[in-house]
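Hi,

Here's the structure I said I'd pass along.

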Amino acid sequence: MGQRDRMFKVLVVGDATVGKTSLVQRYANDSFNRHYKSTVGVDFALKVVQWSESETVRLQLWDIAEVPLKIKQKS
Ligand SMILES: Nc1nc2c(ncn2[C@@H]2O[C@H](COP(=O)(O)OP(=O)(O)O)[C@@H](O)[C@H]2O)c(=O)[nH]1
Ligand SMILES: [Mg+2]
């Protein structure tokens with residue numbers, strides 16, 4: 001059996017200051033910074049998970065700036 005490599009893109013979205021960047025940094029780099037610095041644009045983090053002996057999962061974490069999500073309604 002060969003090695004299997006999977007890649008997933010994970011978009012982290014939500015209101016400002018809820019802890020998106022902290023969650024991503026803790027998970028990917030096991031780090032925490034209590035000083036708030038808002039994300040500009042998008043930050044990426046990569047987390048590689050050895051899922052099993054033959055499977056590797058790569059998570060591309062997109063830490064997106066807080067953009068108000070507006071749903072436009074057709075009138
Ligand atoms: N005490 C505590 N502070 C947190 C936690 N998660 C985030 N914060 C703080 O809350 C603020 C906003 O977090 P951040 O990850 O930048 O939020 P984002 O705007 O959603 O990316 C920062 O000052 C963080 O240090 C947590 O679990 N505990
Ligand atoms: Mg952020």
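This is a predicted model: local features need pLDDT of at least 70, side-chain atom pairs count only at pLDDT 80 or more; totals for chains, interfaces and linings use all residues.

**What turned up**

β2 lies largely in the open, because 0 of its 9 residues are buried (buried takes 20 or more other C-beta atoms within 10 Å of a residue's own, exposed 12 or fewer, partly exposed in between, with C-beta atoms placed from the backbone). Strands here are DSSP runs of E, at least two residues, and helices runs of H or I, at least four, numbered from the N terminus.

Residues are numbered from 1 along each chain as its sequence is written, and chains are lettered from A and ligands numbered from 1 in the order in which they are written.

Back to β2 (42–50): it pairs with β3 (residues 55–64) in the antiparallel sense over 9 bridges, where pairing takes at least two DSSP bridges. The two form a hairpin with 4 residues between them, and Ala45 sits opposite Leu61 in β3.

Two non-glycine residues have positive phi:
- Thr17, near 65°, is in the loop between β1 (4–12) and α1 (20–29). Thr17 is exposed, with 11 other C-beta atoms within 10 Å.
- Asp30, about 50°, is in the loop between α1 and β2. Asp30 is exposed too, with 7 such atoms within 10 Å.

As for ligand 1, 13 residues surround it, the closest being Gly19, Lys20, Thr21, Ser22 and Tyr36 (near means a C-beta atom, placed from the backbone, within 6 Å).

Cheers
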